Amino acid sequence: MSEKASGIGAKVSDAAIGEIDEIGIGMLGYAFMGKAHSNAFRKIAYMTWPPPLKPRLVAIAGRDEAAVAGAAQRYGYERWTTDWRDIVSDPSIGLFDNGGPNSLHAEPTIAAAEAGKHVLCEKPLGRDADESYDIWQRVAATGVKHLCAFNYRFVPAVRLAREMIDAGDLGEIRHFRGRYLQDWGDDPSLDTWRFDATAAGSGALGDLGAHVIDLARFLVGEISTVSALVQTFLPGRSVDDAVEAAVAFENGAVGTIEATRFALGRRNAFQWEINGSKGSLAFDMENLNELHVFRADGDRARGFKKVLVSEADHPFWEFWWPPGHIIGWGETFVHEIHHLLGAIKNGTDVAPYGATFEDGYRAAEVCDAIVRSGANGQRETVTYR
Ligand SMILES: NC(=O)c1ccc[n+]([C@@H]2O[C@H](COP(=O)([O-])OP(=O)(O)OC[C@H]3O[C@@H](n4cnc5c(N)ncnc54)[C@H](O)[C@@H]3O)[C@@H](O)[C@H]2O)c1
């Protein structure tokens with residue numbers, strides 16, 4: 001007896017979704033980023049229908065057996081493992097997602113790419129420029145798609161800013177002012193891999209500063225020199241607590257980059273401002289749906305205007321709600337992973353809107369130059385291999 005094709009009682013047959021190819025997902029890490037990425041994988045088909053590829057959550061890896069088993073059940077993975085190599089060798093997995101600590105980015109990500117899997121790796125790509133360069137080169141040699149998870153490129157207001165800058169709305173860019181401020185670091189009793197130089201590479205610099213550097217590159221251009229102060233406030237801590245850098249861009253713009261985990265009261269304040277010859281843009285992560293726009297166009301009522309970036313024709317808004325029904329930080333991962341799945345499905349480039357591993361490497365060169373400048377007190381040139 002055949003099933004009813006429509007009407008009450010009709011069954012959504014496998015054929016109905018079978019037209020969209022699946023991609024098996026293998027996730028490393030189940031904590032902060034593991035949760036954020038898994039949440040995005042689960043939402044993509046529902047919110048962006050039809051998705052480029054339909055994520056199938058195949059396996060998740062972690063160290064603690066009970067915790068990773070619990071995460072697999074909660075996030076909806078079919079299997080779990082305490083050895084990430086099980087994911088790398090699983091032929092049903094097409095995309096490897098690395099949400100592990102920085103010291104665990106290189107080996108699993110390279111192994112997954114060499115096993116033919118597309119790779120998504122959290123930022124910073126490596127613990128320094130050497131390691132990041134090696135990851136980029138070895139993964140690029142395999143021909144798989146690679147994306148470094150600088151997710152703030154996928155905030156609608158940030159993409160709109162990029163589109164306005166590309167269209168010449170700001171004229172010639174003169175200043176970039178970016179700061180990423182958090183406040184949880186001022187606690188000597190805290191024990192996390194983020195304070196261990198071997199596991200993290202650097203402190204606030206790689207954790208938060210790398211995001212600012214990536215957005216500076218994304219919105220303004222390549223950074224050529226840096227003059228920096230790098231400070232560790234708590235005795236015995238092996239990584240930086242704060243960095244302050246003055247930077248010059250290849251296109252003649254100048255800027256500042258600041259990152260700290262000691263700005264009391266600033267919970268997750270990623271703020272930037274860009275000034276050009278025709279206007280300015282300003283953004284604050286704590287008001288993620290807003291872009292502040294000033295146009296020096298002779299309008300007598302000119303001043304900074306708050307644009308609520310939620311119109312139907314605004315970036316990514318085709319996935320969401322009617323205008324004004326705002327979205328949040330977690331949705332940046334939906335946009336980012338959707339972009340990567342589109343590149344995998346259609347053979348398109350991850351760049352320029354997504355950060356590739358080359359972008360991850362280039363951000364690491366700027367981070368290394370900041371470290372050198374902080375140590376020697378000199379202005380350092382950023383050289384790219
Ligand atoms: N894009 C962003 O906005 C953003 C935000 C936070 C963190 N990050 C980056 O994401 C990465 C992870 O950070 P997090 O905050 O999720 O860290 P976390 O400490 O919350 O989670 C790390 C995860 O890695 C797992 N892990 C550690 N060693 C492992 C091993 N040997 N085998 C398997 N799993 C192992 C842990 O079990 C845990 O699930 C870092 O590189 C960090 O810089 C990015």
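1. In this predicted model, a polar backbone atom of Tyr-30 stands 2.9 Å from an oxygen atom of the ligand. Phe-32 also takes part through its backbone, one of its N or O atoms being 3.2 Å from an oxygen atom of the ligand. Asn-151, by contrast, uses its side chain: a polar atom there lies 2.9 Å from a nitrogen atom of the ligand. Taken on its own, the ligand has 840 Å² of accessible area, and the protein covers 88% of that area.

2. The ligand has 23 residues around it, and those that come nearest are Met-33, Asn-102, Lys-123, Asn-151 and Arg-194.

3. As to the composition of the shell around the ligand, 11 of its residues are nonpolar, eight are polar and four are charged. The space that the ligand takes is the largest pocket.

4. The chain is divided into two parts: domain 1 covers 14-151, while domain 2 is made up of 152-327 together with 355-381. Between the centres of domain 1 and domain 2, taken over C-alpha atoms, there are 26 Å. Their contact involves 26 residues from domain 1 and 29 residues from domain 2.

5. Which domains supply the shell around the ligand? Both domain 1 and domain 2 do, each with at least three residues. The reader may wish to view the ligand and the two domains together, given that the shell draws on domain 1 (14-151) and on domain 2 (152-327 + 355-381).

How values were computed. Residues are numbered from 1 along each chain as its sequence is written. This is a predicted model: local features need pLDDT of at least 70, side-chain atom pairs count only at pLDDT 80 or more; totals for chains, interfaces and linings use all residues. Side-chain values use heavy atoms; hydrogens and water are left out. A residue is near a molecule or strand if one of its heavy atoms lies within 4 Å of it. A polar contact is a pair of N or O atoms within 3.5 Å; within protein, one must be able to donate a hydrogen and the other to accept it, and residues adjacent in sequence count only if both atoms are side-chain atoms. Accessible areas come from the Shrake-Rupley method with a 1.4 Å probe; for residues, only the protein chains shown count as cover. On a 1 Å grid over the protein atoms alone, a cavity is a set of points where a 1.4 Å probe fits but cannot get out, and a pocket is an open set with protein on both sides within 12 Å along at least five of seven lines; lining residues have an atom within 4 Å of a point. A molecule sits in a cavity or pocket if more than half of its atoms lie within 2 Å of its grid points. Ala, Val, Leu, Ile, Met, Phe, Trp, Tyr, Cys and Pro count as nonpolar, Asp, Glu, Lys and Arg as charged, and the others, Gly among them, as polar. Domain bounds come from an automatic or database domain assignment. Contact means heavy atoms within 4.5 Å.
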